[in-house]
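Colleague: Could you take me through the cavities of this model, slowly and in plain words? I would like a close look at the residues around them.

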Amino acid sequence: MAIFRKQRFSGLTRWLLISAAALFVILLVLAIWFSRHQIFQSLLDPGEPFQTYTPPDGADYAAADGWYLQPPVEGNEPAVFFVHGTTYNGGSDWNAPLDDNDANEGVIHTQIPNFAGPFRETGPLFVPRYRQAALYTFMNNREDSVLAREFAAQDVLSAFDAFLGEIGEDRPFLIAGVGQGGLHAAYVVMERVAPSEDLRQRLIAAYLMETPVALELFSDRLAALPPCQTPDSIRCVIAYSSARPEEDSRLRIITERSQTWTPTGQLDLTLGRGLLCVNPILGARSVDFAPARLHRGGAAADGIEGDTLPPIQTGQTGAQCVDGVLMTEQPNSPALRRPDRLGEMFRVPPFNLFYEDLRLDAAHRTETLVETLTNERLYAPPLEAPEEIGDAPVRPIEGRGRGG
């Protein structure tokens, strides 16, 4: 009898131990699941202050390997300067090495087809390689992270200077950027285009996709390049950051935790600052709701190369600018919905919800600028080179000398 009780209690003890262990594992898995984004972020920390960090070697923009795309330019067709978004997570570097295979694959096979694709018909597409700030730097606002973003912006500024040298002094051009690339493209517009009357006249528009841009800039550094008010506007800026009403975390990221440029050329939080929103469906700065029937189409263009137009899915979403954010509806197509990736709310999506809207918008603005430039140059031709005039000798008139 005593042996039986001992065996029974031994079995009960084992069962309790197994149950406790299983419960512990379940609780551990749940804890990891709910903390997965924090764990992911901590794993991406380079673990070294940016101030003592040695960045990877930069690109030589005078050489072909400094660019993902650097086509020849011919005739008078406009050119496009495109800045890709974040494709490097981090972990060992604050800024991506130019030879990181995964980061480069993301640019070539996802971002260029989806976000540079709508502008291919405008003209030759220039896409620089640059030491992009890691995804980690956008998941927090540490001083190191801000310095890494500003460092990347300087690379893009150098690339743009090289781009201007390639396209010559008369060619119209379009600037586009997405995510981090939109942030750096905004810096280029602020530092190079806005201060130059010549460059302002040649700019079709700047398309800053999924990028917060502070309204205060347009009464200061960007006063000469206003927001694109209508679909016919040229020499202007289009910017938007999109979210669905139920995406509370993304809305907070856009309106509170993101950083954008200040009039002094520094980065600062979007918190408390008005943001520019130009509705890509309407092609206008408007608070009107654009219903899905007006949506000309999104595309998931991963892996589509060259000038091939990807399959366009129309009528997928309505959109409305609300307090500086482009509020969208959930697309019907799963291909146009954000995937469940770690850090997804900080990433550029692997599709372009407004691909066709942007393509047609850019085509119309390009046609408008080219026509405008033609008329301006026709009615206000450049002045001819001045003729040299020699000094004329001064000869006194007889009888009119002093005392005469």
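**The cavities and their linings**

Modeller: Happy to! Let me start with the lining of the largest cavity, whose residues fall into nine nonpolar, nine polar and six charged. Please keep in mind that this is a predicted model, and that the values here are computed from it.

That lining is made up of 24 residues. Those nearest the centre of the cavity are Phe 138, Glu 210, Pro 212, Ser 258 and Phe 346. Two elements each give two or more residues to the lining of the largest cavity: helix H5, covering 180–193, and helix H7, covering 248–257. Of these, H7 gives the most, with four residues. The space inside the largest cavity comes to about 380 Å³.

You will find Glu 210 in the loop that runs between strand S5 (203–209) and strand S6 (237–240). With a relative accessible area of 15%, Glu 210 counts as buried, because the cut-off for that word is under 20%. Its backbone is worth a look as well: phi of Glu 210 is near 50°, a positive value in a residue other than glycine. As background, most residues other than glycine have a negative phi.

The loop between S5 and S6 also holds Arg 235. Here too phi is positive, at about 55°, although Arg 235 is not a glycine. Arg 235 has a relative accessible area of 14%, so this residue is buried, under the 20% limit.

For a contrast, turn to Glu 197 in helix H6, which spans residues 197–202. Glu 197 has a relative accessible area of 56% and is therefore exposed, the limit being over 50%. In sequence, Glu 197 and Ala 224 are 27 residues apart, and from C-alpha to C-alpha they are 8.8 Å apart in space.

Now back to the cavities. The structure has four of them at 30 Å³ or more. The second largest cavity has a volume of about 200 Å³. It is lined by 20 residues, and the closest to its centre are Ser 242, Thr 328, Arg 338, Phe 351 and Leu 353. Sorted by class, the lining of this second largest cavity has nine nonpolar, four polar and seven charged residues.

Methods
Residues numbered from 1 in each chain as written. Predicted model: local features only at pLDDT ≥ 70, side-chain atom pairs only at ≥ 80, totals over all residues. Heavy atoms only, no water. Buried < 20%, exposed > 50% of the residue type's maximum accessible area, 1.4 Å probe, protein only. 1 Å grid on protein atoms, 1.4 Å probe; cavity = no way out; pocket = protein on both sides within 12 Å on 5 of 7 lines; lining within 4 Å. Points joined across faces, edges and corners; volume = space filled by probe spheres on them. Nonpolar A, V, L, I, M, F, W, Y, C, P; charged D, E, K, R; others polar.
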